[in-house]
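Please prepare a short briefing on the structure shown below.

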Amino acid sequence: MNVKMTKFKLKKKILCFILIIVPNIIALLSYMEHNNTLNIEKESNFNNSLINNSAINESPIFINGTATGMNAKNWTWAEKQTWCSGLGTIESPYIIKDLAINGEENSIPIHIINSEKYFNISNCYLYNSIYAQYSNLTRGGIVLENVKNGLIYSNNCSDNNGHGISILNSSSITIQSNILDSNIWGGLRLDTCINSIILNNIIENSNSSYSYGIIMKNCNYSTVCNNDINYVREGFCFLLGNDYTIEGNTLKHIRIQYNAIYTNSENVKIKNNFIKFAGYRGIYLDKASLNATIEGNHIEKGQLYGICVNGENISIYNNTVIDFSNNIYLEECEQINCTNNDLMGSTIGVTGIFISTSGGLYIIDGNNMTNCGIYITPNKAESNRTITTSNKLNGRTIYHYYNRTGLNTLDFTYKGDPGQIIVINCNNSEISEFNISNTMNAIPIIAYYCYDLIIYNNILVNNSIGIIMKYSYFPNITENIISFNKAYGIDIMYCKDVSIVNNSIYNNDYDGIYFDCSSISFINNTIYENGENGIINYLSTNIEYIILRGNTIIHNHWNGIFLLLNNQLEISNNLFRDNTFDGIHVSNSNYTTIVDNTIDNNGENGIYLGSTTLGIIKNNTIKSNVEIGIYFLGVEGLSIYNNSILENNEGIHFTSESENNTIYLNNFTGNNINAINDGNNNQWDNGTIGNYWDDYSGRDINFDNIGDLPYNNIEGSSDSQDRYPICYNHDAPPPIWNDIPLNQTIELGNAFSYQLNAFSSFGIDHYSVNSTLFNTNSNGLITNASNLAVGEYWIEICVFDPYNQNCSAIIKISISDTTDPVWGDIKLSHIVMHGEDFYYDIDASDFSGIAYYWINNEEDFSIDNSTGEITNITTLEKGNYDLIIRAYDLYGNYCETTIHIIVDSEEDSIPGYDLLILFSSIGILSVILLLNKRYKFLIK
């Protein structure tokens, strides 16, 4: 009975111990863990109130430490005043505190000169000082001149007509925890001072257009830390001097066109400052700067430069810079080390690192750029720059090569896929088959001073500019997709013998192609929906030739092409349609040939030709342009023939400066006004034949297709006439379509064929199509002449009778891609042991190529957008993961599958227990064993 009772009591004690003690042990361990990870923030004991209520009103104070005589206001005099205490020693400094002094705009509240005594000024309100011209530094709430050993602590020096505090020719002064608000010339000014400490002050001057936060000139060995600067014209300005330490300060809302921190001094350390809304520049080191360190700063949102550096021996590292036009700008520098900075661009127009050509010995290493990249101005002598592959753009490698030959794919992939490619003075090289997209603000490909460079079959989408190329010879840019870039698709300047062939360039915010080259060819490109011009050159000089052949240039928001100052210009077999202004705009051009183009439905003129001499315009279809088919402004010596000028508001218009041009064999049909001639000596026939006019009322009695009377309906001041108008009033009707041609749609990769069907009572002579991408045979069968990319192809089809009468039609051939990609062999189930990394490489294919891969779980896994490699990014916990994977082609089609990942643990492990529970279990087991031993002892 006693044994059972004892056993019962012991079991009860054990249960109580477990229920009471163990939870407390767990709670204690959790508390310890929490305290080990707790982030304890530093709190400032500085009181931001203006002044305490016990402040005593006092008259302005002036102390001259070297003054003598009966009424001298020196420290001996000050000791006798109620507002001063102490002995002026380091152990017992003079103390001036708890005062409120109004300068009443005619005096300085506290002014101390010529002193080496130790003194403190604290907890005073000093305001409304005498007005100061900018050059007068002896004006402010507190002014010290030729002073040592001072502490200015926890005062409010606000609303003064000079500076809050002004210090001249002084040393060993500490300025700490003061409020300096709304002073006309700024918070704090020091001139020719040594060993100054400026700490924990609050400076705000939102009411003044002239104010600095802190300005120091010719000062040495100064420390400026943990100050809070807001709403000033310029945050910190350090002029000349040396050995400044600027650390841990907060600067916000700097006035536009000014700087948060400016210096032209030596031996400056700018560390761990927080700068936001930084005005013109965040940190600016001017040309005299030497031996400076810019480290660990956070600089966000400003107008032009986050960090702008001139000078020599400068280190820039571990900074975060966000959303400046140039996050880091290196200009006229020597010995620059720019390392391990985080540079971000969340808005449009941000460059990560801008490197000027002047200067040298740059090391650019380990910088991580998000949505912004590196830009280098052209410099053939690039050997003094080191830009390593440890620089990343959106996690991908930046490749920079100088003075190399024969670069190929391996050179741009050996450290990972390229995020940006920069080649300078590199010859016989190829950049091909890369997808460098979605950088937002970077330029994927930069090429300077290169010979025989091929840029082939790349996808350059959603960047700043697709390609920048300068000072290069014989480059070839072929079969690239360049679209949705924030500025130009291609910016190519000062190059020679350029070939731009078979590219798709569309939806770029500025121009599709911006160029200034001496000789360039544009062949079979599709250029559409760009925010300004399809192709533009501007103020080119020394032009040898420009060729535009076989291009489709449509729906651009300004002009199809806009060309100035050209020689030997050929524009042939192109389609210019639905551009907002002119299809073709050419000015100041010589020897211009515009042949076999279709130019229709443009918002202003089909062709604008200004200040142009000597050229041919023939065999073009110029139709349905809103204003004028061809507008001639100051042209001379042109031959204009065999064009169909149809359904425009005005067919042709010559201004008064145009002369000596010949116009014949053209078809003027359906225009509101067929022709206006205000020029001189323009001939509307070639002496034997003129033009066809749909409003000609004469007849052709002798059936020679020439009207028996001149055509006199040409408007304008020149009283022009066509002496030999073409006339078909001999009852010979033009051909007609039996089946009106219709728009066609085919799937990408399929061959195109379309049969035309027309009739003429005189027989069909031939068919024609105005695009080199298509062929038509004598029976009217249209086929594609080459592989067709996805897009819209507008072509004009004509059928002619033996009298050259014709009927025409314009159709749209749409090449679409609606076919989903297909998967390769995929393993759908995977088993991974806990703690191991998961890796699987999936593969899909599509006729247009795979644009990117996608997964649904981006918290635990990542997928390489271009290769399909899947890896875990966290330690996978035990359990099942269903991972949905998609592969997208370039046109939004995708295939989808799900793979199952099972994460298991080793056989002998203790699943589900962390270290805390393990230790708790061991403790409980030990207690039970001890109690059990005691129980056995008692039983015995």
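The briefing that follows is grouped by topic.

This is a predicted model, in which local features need pLDDT of at least 70 and side-chain atom pairs count only at pLDDT 80 or more, while totals for chains, interfaces and linings use all residues. Residues are numbered from 1 along each chain as its sequence is written, and side-chain values use heavy atoms, with hydrogens and water left out.

**Chain**
- The secondary structure comprises three helices and 87 strands, taken as DSSP runs numbered from the N terminus (helices H or I, at least four residues; strands E, at least two).
- Of the 940 residues, 51% count as buried, meaning under 20% relative accessible area with a 1.4 Å probe and protein chains only.

**Cavity**
- The structure holds one cavity of 30 Å³ or more, a cavity being a set of points on a 1 Å grid over the protein atoms alone where a 1.4 Å probe fits but cannot get out.
- The largest cavity has a volume of about 70 Å³, the volume being the space filled by probe spheres set on the points.
- Its lining (residues with an atom within 4 Å of a point) includes G550, N573, S771 and W794.
- Strand β77 (residues 791-800) supplies the largest share of that lining, three residues.

**Residue S196**
- S196 lies in the loop between β13 (186-191) and β14 (197-199).
- S196 is buried, at a relative accessible area of 1%.
- Leaving aside residues up to four places away in sequence, S196 touches I173, L190, M216, Y221, S222 and T223, a contact being heavy atoms within 4.5 Å.

Notes
Buried < 20%, exposed > 50% of the residue type's maximum accessible area, 1.4 Å probe, protein only. 1 Å grid on protein atoms, 1.4 Å probe; cavity = no way out; pocket = protein on both sides within 12 Å on 5 of 7 lines; lining within 4 Å.
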